[in-house]
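The structure is shown first.

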Amino acid sequence: MGFDLQVQSSSSSPNLPAWLETLLSEKFYEPCGIHHDVKKNEKNIFCLDCCVALCPHCLTPHGSHRLLQIRRYVYHDVIRVGDAEKLMDCSYVQSYITNSAKVVFLNQREQTRACRNTSNTCISCRRGLQDPYLFCSIFCKINHILTSEGMMSEYLYDCEVLTLPEPGFDDGLMTPYSVLDPFVSLRTSSGSSSTGAGDCRTIISTATTEIVKKKRSSKSGVRPVGSPSPELVVNRRKGLPRRSPFQ
């Protein structure tokens, strides 16, 4: 998918800094050319100081640099909102919650069909959004700003330190299940609605209630037809032995 000409400017252009231009055009999660024979060699880290994508085995020379973890969600690149907000103004960019992390898409995504039954769409690409969001990705917000104002400097922040999460805490991979933030609705772009977490909780709660009712009924006075009463069971004891009188 091609980017807008205003975003595809040269590194010397005042519109975008070199790191941001490279970040939006880089292809992540491809095998590292240097460590092609090593496991887990996907390029899922971006060095802002060198403007290059890295795999985990390339980190040694970049230990003191600003490093951004790139994550993957439904085959598209995302970054954590906490990291993005250190670099630029991300207000009104729709975010998602996945694996307990709030993330935003880097680039706009292709739409296989037109949005229907939605009153709110992305200003840049017209993808359906939840209120009150205005952009579906960082790229769409940047594209709109450059189109309307021509400069990004007022929306960029000076970030001197940007580190990766602790080893083992987050590998950057995302599951295909997420929810919109702060909305719980899982409505798709085609307008169909999938089962949400609330419905699952309702089903589990109903099943649990039925099990509790069955346990309580087994402890109550209700008993199957034909079974002896508790009183008869308790009093069913042999009498004292009686002997015939001596003769």
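## Helix α3

Helices here are DSSP runs of H or I with at least four residues, numbered from the N terminus. The model is predicted. After helix α3 comes G150, which has a positive phi, near 85 degrees.

Helix α3 spans residues 138-148, and eight of its eleven residues are buried, so the helix is mostly covered. The buried residues are I138, F139, C140, K141, I142, N143, I145 and L146. The elements that cover them include α1 (18-25), β5 (76-80), α2 (81-87) and β7 (101-105).

## Cysteines

A disulfide requires two cysteine sulfur atoms within 2.5 Å. By this rule the model has zero disulfides. The closest cysteine sulfur to that of C47 belongs to C50 and lies 3.7 Å away, which is too far for a bond. C140, in turn, is in no disulfide, as its nearest cysteine sulfur, in C136, is 3.6 Å away.

C47 counts as buried because its relative accessibility is 0%. C140 also counts as buried, with a relative accessibility of 0%.

## The three-stranded sheet

An open sheet is formed by three strands in the order β2-β1-β3, with antiparallel pairing. Strands β2 (52-54) and β3 (67-69) are the edges, each pairing on one side only. From one strand to the next, the twist averages 30 degrees.

Strand β1 covers residues 45-47 and pairs with β3 in the antiparallel sense over three bridges. In this pairing, C47 stands opposite L67 of β3.

Definitions and conventions: Residues are numbered from 1 along each chain as its sequence is written. This is a predicted model: local features need pLDDT of at least 70, side-chain atom pairs count only at pLDDT 80 or more; totals for chains, interfaces and linings use all residues. Side-chain values use heavy atoms; hydrogens and water are left out. Buried means under 20% relative accessible area, exposed over 50%, partly exposed in between (1.4 Å probe, protein chains only). Helices (H or I, at least four residues) and strands (E, at least two) are DSSP runs, numbered from the N terminus. Contact means heavy atoms within 4.5 Å. Two strands pair if DSSP finds at least two bridges between them. Axes are lines fitted to C-alpha atoms, for helices over the stretch in contact, and angles run from 0 to 180 degrees between N-to-C directions.
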